[in-house]
Amino acid sequence: MIRALRKVPWVLLGALILVQICYPLTEDKTRAVLTVVTVLIGVLLSVTHALISRGARAVVALIGTAGVGGFLVEAVGVATGFPFGTYDYSGELGPKLLGVPLIIPLAWTWMAWPAWLAALRITTSTTKRIVVAAFGLACWDLFLDPQMVAEGYWTWQAPTPALPGLPGIPISNYLGWLGFAVLIMTVLSLKLQQKPKTDDAPMYALWIWTYASSVLAHTVFLDLPASAAWGGVLMGAAVAPLLIKLRKC
């Protein structure tokens with residue numbers, strides 16, 4: 001029974017990869033549907049892995065910080081412009097509450113977990129783990145935001161100053177991501193046991209796949225070479241140490 005449960009994250013990861021491969025091959029509303037499906041599979045993957053590998057306490061910590069916390073920070077952001085900048089969501093990503101599509105906090109939950117587990121594997125220092133995990137999660141947005149803005153899923157009202165090659169998205173957005181990511185990882189460091197596990201392999205695969213597939217998709221399929229470059233270099237700085245650690249095993 002336990003062995004069978006350990007296969008579930010791998011099955012979900014396979015389904016996630018299949019949906020993501022289909023995304024750049026579709027257009028318009030189909031892409032919006034696949035975006036939502038990707039997040040739903042992704043959050044199910046992360047939560048299921050957290051439950052199987054570390055129990056209900058980990059699930060509560062993950063959902064409470066990244067999920068509930070993600071919704072609250074997004075709601076404040078939409079209402080006030082802090083901490084990300086002034087932006088509005090379109091209606092393409094499903095139902096909204098307080099101006100925030102309900103799928104958005106699920107995306108925070110989905111990717112916060114592999115970012116944290118990768119950091120656990122990279123270093124034994126709690127402070128360094130928080131920094132590495134938060135940096136990696138924030139750098140993921142160098143892929144996410146340009147792609148979602150290009151699709152019209154949200155719009156920035158004051159998009160300057162912006163990073164070179166990434167117009168339409170203010171630098172404040174990435175700083176806001178980094179700040180909130182530090183908060184998420186700090187809470188996880190306090191609530192969870194600080195040891196990597198052999199069962200974390202599906203999350204390492206998710207983290208590496210997310211990085212590599214984003215670089216490929218932005219370069220080849222989505223015509224977003226600047227975000228491919230920015231994300232490739234900066235998120236790559238968070239992913240490369242994990243690859244080195246895994247290669248040594």
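Visitor: Which residues in α7 do G136, L137, W140, F143 and Q147 in α5 meet?
Guide: This is a predicted model, where local features need pLDDT of at least 70, side-chain atom pairs count only at pLDDT 80 or more, and totals for chains, interfaces and linings use all residues. Residues are numbered from 1 along each chain as its sequence is written, and side-chain values use heavy atoms, without hydrogens and water. Helices (DSSP H or I runs of at least four residues) and strands (E, at least two) are numbered from the N terminus, and contact means heavy atoms within 4.5 Å. On the α7 side, those five residues of α5 meet W207, T210, Y211, S214, V215 and H218.

Visitor: How many residues of the contact of α5 with α7 are polar?
Guide: Ala, Val, Leu, Ile, Met, Phe, Trp, Tyr, Cys and Pro count as nonpolar, Asp, Glu, Lys and Arg as charged, and the others, including Gly, as polar. No charged residue takes part in the contact of α5 with α7. Next to 6 nonpolar residues there, the number of polar ones is 5.

Visitor: At what angle do α4 and α5 pack?
Guide: Axes are lines fitted to C-alpha atoms, for helices over the stretch in contact, with angles from 0 to 180 degrees between N-to-C directions. The axes of α4 and α5 lie 8 Å apart. Their packing angle is about 140°.

Visitor: Which residues of α5 make the contact with α4?
Guide: The α4 side brings A107, W108, W110, M111, A112, A115, W116, A119, L120 and I122. Taking both helices together, the contact has 15 nonpolar residues, no polar ones and 1 charged. The α5 side consists of R129, I130, V132, A133, L137 and W140.

Visitor: Which helix gives the most to the lining of the largest pocket?
Guide: The largest pocket has 38 lining residues, and Q20, W110, L144, Q147 and M148 are nearest its centre. Its lining splits into 27 nonpolar, 9 polar and 2 charged residues. Several elements supply at least two residues each, among them α1 (2–22), α4 (103–122) and α5 (126–151). With 8 residues, the top contributor is α7.

Notes: On a 1 Å grid over the protein atoms alone, a cavity is a set of points where a 1.4 Å probe fits but cannot get out, and a pocket is an open set with protein on both sides within 12 Å along at least five of seven lines; lining residues have an atom within 4 Å of a point.
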